[in-house]
Protein chains: 2
Amino acid sequence: MAEVVRNKQVIFKDYINGFPKTSDMVLTSDATICLELPKNEGGVILTKNLYLSCDPYMRTCMQRPIDGWFIDAFTPGSPIIGHGVAKVLDSSHPDFKKGDLVWGLINWEEYSLIKDTSSLMKIQHTDVPLSYYTGILGMPGMTAYVGFYDICSPKKGETMFVSAASGAVGQLVGQLAKLYGCYVVGSAGSKEKVDLLKNKFGFDEAFNYKEEKDLDSALKRYFPNGIDIYFDNVGGKMLDAVLLNMNRHGRIAACGMVSQYTKLDEPESTHNLIMLIPKRVKMEGFVVFDYYHSYPKFLEMILPLIHEGKITYVEDTVEGLENAPTALIGLYSGLNVGKQVVAIARA
Amino acid sequence: MAEVVRNKQVIFKDYINGFPKTSDMVLTSDATICLELPKNEGGVILTKNLYLSCDPYMRTCMQRPIDGWFIDAFTPGSPIIGHGVAKVLDSSHPDFKKGDLVWGLINWEEYSLIKDTSSLMKIQHTDVPLSYYTGILGMPGMTAYVGFYDICSPKKGETMFVSAASGAVGQLVGQLAKLYGCYVVGSAGSKEKVDLLKNKFGFDEAFNYKEEKDLDSALKRYFPNGIDIYFDNVGGKMLDAVLLNMNRHGRIAACGMVSQYTKLDEPESTHNLIMLIPKRVKMEGFVVFDYYHSYPKFLEMILPLIHEGKITYVEDTVEGLENAPTALIGLYSGLNVGKQVVAIARA
């Protein structure tokens, strides 16, 4: 006889504009789920969800669908969808079996019946914290990896600037760049984060952008000889200031623009784009999903670095699905220190 | 006994902001020049200047020097400097001799004594109009060539949009793209230019941007399946509309931003830059000076195409140095139809 259990969910209420609020989501304990696979349906897995990832791009899914966007909008009345780590409770899919651990796109709920498994990757290495598969070993980690090596085309000795540098992607980008032999400066939004950048992640320099009246002057202070590579996680005013400080033949990896995600109806303007021309700068947008074929190669590179302590990773973990909305909203005012994770269950 | 002659000049008065005016330059007949090389000075050439080129970038030289710009500002009180074609009257430089024809940077004056010959290229092919070395066979032609092949990374069958498409660079870019097998649409600012694009240069489609209330809709009309390549000569509002219509993995060659050259103090804002990310677009600024080593290869490709009538080129020529200021200023309201040339002397 199949066990039917309560399945707490975080439901997306309706499309929003502007800054997101926790009240744009609602936690419900009304749903139940049958902990048994549906009969006569193959290719389905039942999961217990362990860790949820809060990622800046998720705000863009709370918007009415944007033409040409890289990921689907959330469905009003349905659970939030994000990256996460889950344990397979049962499976009729040939690639998964009971006990497997997976990461990929999952609903914000305690248990999921997943019919489209196309985003799921099996976790093969469990000698690291499982939550790492929401961060350094998951989507953000791969983003840092392809962004740095493929988009930034780095050369040893080059200068690199990383914004939102203590975040899920930024902290790894900076460390990869340091290992590669770049001079790396990061910006973040608090003294605590700046300390992390300098003392834990080994950035050469770091500054609190909120304390700078003039971002152009700040960048000139840290890059008296200009910026060769900008890893842009924020867009907006910082990008504008960076454009004035790029070196000739510099590269800008347009990874994210968190400063703009809450203003998509009236995006902030960029004024200094013309500087791409005299400075011969290449600015390239990218989406990590295009590069998942390189994931095994990435793991091969990053796992030893983690084990040897040459790369470190800071997570900001809240406990319980009920705290997930607050954790997500916190991203947009920079409340998280490091990768924002929600732990629903440990196993 | 050395002949001393009158040397008419167009003098740059002083740094400006905003839209340029003919009164920002002054024509003077006060100067004279000795038509003999200075004694005891090697490496100098004396030229009679034949054709002057009016190029959009020149407005940026009328501005107080801009940090990081790709070319020097004009010197108040000295002649305007631009590209042009000249005949060598005498030379103490081993690379040049009397009777040689050259193109490169020359002063806006009838005769010049040139000490820095580094920008000059010797003209080897005179079975084409000499004025072509201000356009299709000079800086703008090379710009179109490297912009299209090196920056746009074109593939046969791709869709391409060219702004300022009947201008010195645009008309060649469009024709190169057609020969390559792209679907090419151009924008320009008058019916006459649109006719040229469609009937003389063989663009697939063309439109008058001044008649379009909504550039986004116009682009959607001509590119129902999106734009793979944008060759940007204008920046500003057109770039913003293009960003909404780019295809995934598209490329934007940032060649020029003529719409912005008159507003450098308060550059127009770009709002849709965030679309670089979901669309995985690469936007690259470039300056033709970096590619002059490819000039012989370019000539080898382009001269036969001109001779066979497979490429055509339209010039808008005014006669006389005294009309050069009006010709230059006309660029910024699009009065020129084709490449703007000033003929000072025919030989």
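Start with the contact between the two chains. Select the 37 residues of chain A that are in contact with chain B, then the 37 residues of chain B that they meet. Keep in mind that this is a predicted model.

Now show the surfaces. The size of an interface is often given as the accessible area lost when the parts come together. Here chain A and chain B bury about 3100 Å² between them. Carbon and sulfur atoms give 63% of that area. Next, pick A:Ile274, A:Ile277 and A:Arg280. These residues supply 21% of the area that chain A buries against chain B, more than any other three residues.

Look for charges next. Two salt bridges are found across the interface of chain A and chain B. To see a salt bridge, select B:Arg280 and A:Asp290. Their side chains meet at 2.8 Å, N to O.

Which elements give two or more residues to the side of chain A that touches chain B? Color strand E14 (246–254), helix H6 (258–261) and strand E15 (282–285) of chain A. E15(A) gives the most, with four residues. Then color this side of chain A by class: 19 residues are nonpolar, nine are polar and nine are charged.

Finish at strand E15 of chain A. Select strand E15 of chain B as well, residues 282–285. Three bridges join the two strands, and they run antiparallel. Zoom in on A:Glu284. Opposite A:Glu284 stands B:Lys282, in E15(B).

Methods
Residues numbered from 1 in each chain as written. Chains lettered and ligands numbered in written order. Predicted model: local features only at pLDDT ≥ 70, side-chain atom pairs only at ≥ 80, totals over all residues. Heavy atoms only, no water. Contact = heavy atoms within 4.5 Å. Buried area = accessible area lost by both parts, 1.4 Å probe. Salt bridge = Lys/Arg side-chain N within 4 Å of Asp/Glu carboxyl O. Nonpolar A, V, L, I, M, F, W, Y, C, P; charged D, E, K, R; others polar. Pairing = 2+ DSSP bridges.
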